[in-house]
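Let's take a walk through this model together. Have the sequence and the 3D view open side by side.

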Amino acid sequence: MSTLGVAFRPLPRIDEGDGCGIDRPIAVTALSRSVKLEPEATLRCDTALELARMTRDMLEPAARLAMPEKGRLTAVHHASAYVCRNRNGADDGKISEHARGNAIDLSSLEFEKGIVPMSIARPEASDLPAAFQRSLNAFACLYFRTVLSPGSDAAHQDHLHLDILERNGGFRYCR
Ligand SMILES: [Zn+2]
């Protein structure tokens, strides 16, 4: 984490019952020395690590190719990190990976010259922003075991859900 330049501080153990909680939570404020995470996100260390690796190795280079006119990536914005709730906010059913600190919902990327929101990239869309979003949706699956792209279902229209849920046989669910 420190070699990546991730800025974080340890938080006290979280246990809200019903399976909600993180043994060793951290509050993350930056993914590298130059890219902030806004607002501050409560996560498990492993989740922050994958997001920081993806940002450095894939997101920044891809954004540079796709949108050089926007300048340097300065922040990744999220809509939700740790939160005690069920999947998709339902009253019953499985607990969300957000409730374990395993998940984060990216909402937009901030550059020196503007903000790029996460957007639904139709397969047939032939413009560069759509190509960038499709690339992001795809390479996120190299770092996270669940990727729900904007538009993949009714609950995911304006954000990119990423989580590190462990599955049998290394199976990944990326849509
Ligand atoms: Zn989510």
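Pro 39 lies in strand β5, which spans residues 36–43. Strands here are DSSP runs of E with at least two residues, helices are runs of H or I with at least four, and both are numbered from the N terminus. The peptide bond leading from Glu 38 into Pro 39 is cis, with omega near -15°. Before going further, please note that this is a predicted model, in which local features need pLDDT of at least 70 and side-chain atom pairs count only at pLDDT 80 or more, while totals for chains, interfaces and linings use all residues. Residues are numbered from 1 along each chain as its sequence is written, and side-chain values use heavy atoms, with hydrogens and water left out.

Another backbone feature is found at Asp 18, which has a positive phi of about 55° although it is not a glycine. Asp 18 belongs to the loop between β2 (14–17) and β3 (20–22). With 77% relative accessibility, Asp 18 counts as exposed; the scale calls a residue buried under 20% relative accessible area, exposed over 50% and partly exposed in between, using a 1.4 Å probe and protein chains only. Gly 17, in strand β2, is partly exposed at 27%. Its C-alpha is 9.0 Å from that of Cys 84, although 67 residues separate Gly 17 and Cys 84 along the chain.

Now turn to helix α1, residues 45–66, where you will find Leu 59. Is Leu 59 buried or exposed? Leu 59 counts as buried because its relative accessible area is 1%. Setting aside neighbours within four places in sequence, Leu 59 is in contact with Met 54, Leu 73, Val 76, Leu 109, Phe 132, Leu 136 and Phe 139, where contact means heavy atoms within 4.5 Å.

Beyond its neighbours within four places in sequence, Thr 47 touches Gly 101, Asn 102, Ala 103, Phe 144 and Ile 164. Thr 47 and Ser 2 are 45 residues apart in sequence, with 15 Å between their C-alpha atoms.

Next comes the largest pocket, with a volume of about 310 Å³. On a 1 Å grid over the protein atoms alone, a pocket is an open set of points where a 1.4 Å probe fits, with protein on both sides within 12 Å along at least five of seven lines, and lining residues have an atom within 4 Å of a point. The points are joined across faces, edges and corners, and the volume is the space filled by probe spheres set on them. Of the 18 lining residues, Arg 87, Asn 88, Leu 148, His 156 and His 161 are the closest to the centre of the pocket. Strands β9 (146–148) and β10 (160–163) each supply at least two residues of the lining.

Which residue types make up this lining? It divides into four nonpolar, seven polar and seven charged residues, where Ala, Val, Leu, Ile, Met, Phe, Trp, Tyr, Cys and Pro count as nonpolar, Asp, Glu, Lys and Arg as charged, and the others, Gly among them, as polar.

To finish, look at the loop between β10 and β11 (173–174), which holds Gly 170. Gly 170 is exposed, at 51% relative accessible area. The C-alpha atoms of Gly 170 and Arg 145 are separated by 8.1 Å, with the two residues 25 apart along the chain.
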